[in-house]
Amino acid sequence: MKKTLDDLCTMEGINGVFVCTIEGELVAFSAPRVYDAETLAIAATTAAQAAESISVQHANWDSLVANFRDGKLIFIQMDQYLLCVISDLNTNVPFLNVAIKVAKNKIKRKLDNMESGMSSTASLSDAKFSSQFSSPPAAFPQGMHSSGMQATSPATRSTMGEPLADVGSGFSWSGVGAASTGQSSAVSVIDEAASKMLTRVSEALAEIVGPMAKVFVKEAVQKICPTEPFSMNHLMRLLRELESEHISDKLELKLFRDKLHR
Amino acid sequence: MSRLKPFVNLPEVKHGVICDLSGTLMEHSSMEDAESVAAVIGYFVNTITQCGESLGLSEPTTIYLSGRDVSCCVFTEDKLLWIFYLDPSCSLQEFERKIKAMKSSGRIG
């Protein structure tokens with residue numbers, strides 16, 4: 001998803017893009033030039049409030065364009081999420097709309113995948129696939145609302161009110177030898193060492209992308225070894241995959257590798 | 001004299017409402033739920049203003065809302081909100097151009 005947001009952000013006149021839940025939690029963002037995670041987390045809260053308030057009168061709204069004195073805000077409704085684009089005042093909105101629609105479809109697919117990933121993860125709890133996301137779904141309305149916050153932001157918290165930095169134990173992978181329980185999204189590992197490595201990789205990635213890290217790692221594992229259990233032989237490919245998909249700059253890359261080797 | 005009249009005479013305008021930033025209804029063009037529209041849009045504009053300010057965008061000037069059964073345009077001016085419900089088939093940008101032209105020609109104030 002980050003890549004899609006990054007792509008959208010490269011368009012002329014766009015200064016930032018973020019996705020938040022309708023509860024106002026920042027899920028993902030790209031704002032290379034202007035905004036940091038903390039600022040966007042605050043904006044996400046008020047953006048969600050604004051979207052919710054307008055839904056009181058107009059439940060079926062799809063898009064909203066707000067022109068400010070110094071820029072534009074465009075909100076696109078995506079079921080339980082909100083795509084927000086921050087642009088210059090003179091951006092050509094019809095042109096931008098096309099790019100946003102393309103991005104919206106990609107983001108929606110990603111979010112749907114994540115949600116289904118979450119629910120299948122939850123159903124894998126019987127297969128010793130313990131994770132934060134296999135907790136009772138009641139703690140995570142709509143499957144993933146607490147999962148998308150950026151761990152780098154002090155303002156970001158899970159829906160349970162706990163700082164995301166405290167969710168370390170949620171990244172453990174104990175699916176040693178876990179055979180698929182029928183779900184195509186199941187991930188199995190060949191031994192304890194591979195399981196520990198996945199935990200470590202998830203924790204390191206969480207430093208960059210927040211609690212969605214485990215989902216991203218799971219997706220990457222499924223991509224690089226779809227038919228066989230994950231082993232240490234797959235590690236380098238896994239790291240390359242994660243670095244290319246979810247790590248956008250050198251600083252993040254350094255942070256990821258430092259954390260991994262710690 | 002009705003401030004809304006020049007606007008609601010436009011073919012694409014279905015309803016018009018004027019309210020202040022606290023959502024108090026000032027004027028409307030025979031809209032059934034004008035009072036609740038004023039309250040909701042008033043609150044909405046306040047929250048989106050906060051959102052814009054947190055991103056350094058200053059104050060909102062125009063807001064367009066579109067969806068399956070809604071096409072709405074909100075102008076902010078002198079602490080008042082001018083809310084127009086439009087025919088969904090009309091272009092919001094075109095409508096804004098028309099309003100600006102009316103303003104600059106002095107036909108409305």
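Me: How many contacts beyond four places in sequence does the model have for residues 177-185 of chain A, where pLDDT stays under 50?
Reply: This is a predicted model, and the predictor's confidence over residues 177-185 of chain A stays under 50. Another stretch of chain A, residues 120-169, also has pLDDT below 50, with 105 contacts in the model beyond near neighbours in sequence. For residues 177-185 of chain A, the number of contacts beyond four places in sequence is 19.

Me: What is the mean pLDDT of chain A?
Reply: The share of residues in chain A that reach 70 or more is 71%. Averaged over the chain, the pLDDT of chain A is 73.

Me: What pattern does chain A follow when read along the sequence?
Reply: The secondary structure of chain A comes to 7 helices and 5 strands. Of the 262 residues in chain A, 49% are buried, and among its contacts with a separation of 6 or more, 58% are between residues 24 or more positions apart. Read along the sequence, the pattern of chain A is α-β-β-α-β-β-β-α-α-α-α-α.

Me: Which strands are the edge strands of the open sheet that 10 strands form?
Reply: The sheet is antiparallel and runs in the order 2(A)-1(A)-5(A)-4(A)-3(A)-3(B)-4(B)-5(B)-1(B)-2(B). An edge strand here pairs on one side only, and neighbouring strands of the sheet are turned against each other by 15 degrees on average, direction ignored. The edge strands are strand 2 (26-30) of chain A and strand 2 (25-28) of chain B.

Me: Which element of chain A gives the most to the side that touches chain B?
Reply: The contact takes 28 residues from chain A and 28 residues from chain B. On the side of chain A, helix 2 (37-57), strand 3 and strand 4 each supply at least two residues, and by class that side has 15 nonpolar, 10 polar and 3 charged residues. With 11 residues, the element that gives the most is helix 2 of chain A.

Me: Which residue takes a positive phi in the hairpin of strand 4 and strand 5 of chain A?
Reply: Strand 4 of chain A, with 7 of its 8 residues buried, is joined to strand 3 of chain A by a hairpin of 2 residues, and 6 bridges link those antiparallel strands, with Val65(A) opposite Ile74(A). Strand 4 also pairs with strand 5 (residues 81-87) of chain A in the antiparallel sense over 7 bridges, where Lys72(A) stands opposite Ser87(A). The hairpin of strand 4 and strand 5 has 2 residues between the strands, and the residue with a positive phi, near 55 degrees, is Asp79(A).

Me: At about what angle does helix 2 of chain B run to strand 1 of chain B?
Reply: Strand 1 (residues 13-20) of chain B is joined by 7 bridges to strand 5 (residues 80-86) of chain B, antiparallel to it, and His15(B) stands opposite Tyr85(B) there. Helix 2 (residues 34-54) of chain B lies across strands of both chains, including strand 3 (61-68) and strand 4 (71-78) of chain A and strand 1 of chain B. The angle between helix 2 of chain B and strand 1 of chain B is about 65 degrees.

Definitions and conventions:
Residues are numbered from 1 along each chain as its sequence is written. Chains are lettered from A and ligands numbered from 1 in the order in which they are written. This is a predicted model: local features need pLDDT of at least 70, side-chain atom pairs count only at pLDDT 80 or more; totals for chains, interfaces and linings use all residues. pLDDT is the predictor's confidence in each residue, from 0 to 100. Two residues are in contact if their C-beta atoms, placed from the backbone, lie within 7 Å. Two strands pair if DSSP finds at least two bridges between them. Helices (H or I, at least four residues) and strands (E, at least two) are DSSP runs, numbered from the N terminus. Axes are lines fitted to C-alpha atoms, for helices over the stretch in contact, and angles run from 0 to 180 degrees between N-to-C directions. A residue is buried if 20 or more other C-beta atoms lie within 10 Å of its own, exposed if 12 or fewer, and partly exposed in between; C-beta atoms are placed from the backbone. Ala, Val, Leu, Ile, Met, Phe, Trp, Tyr, Cys and Pro count as nonpolar, Asp, Glu, Lys and Arg as charged, and the others, Gly among them, as polar.
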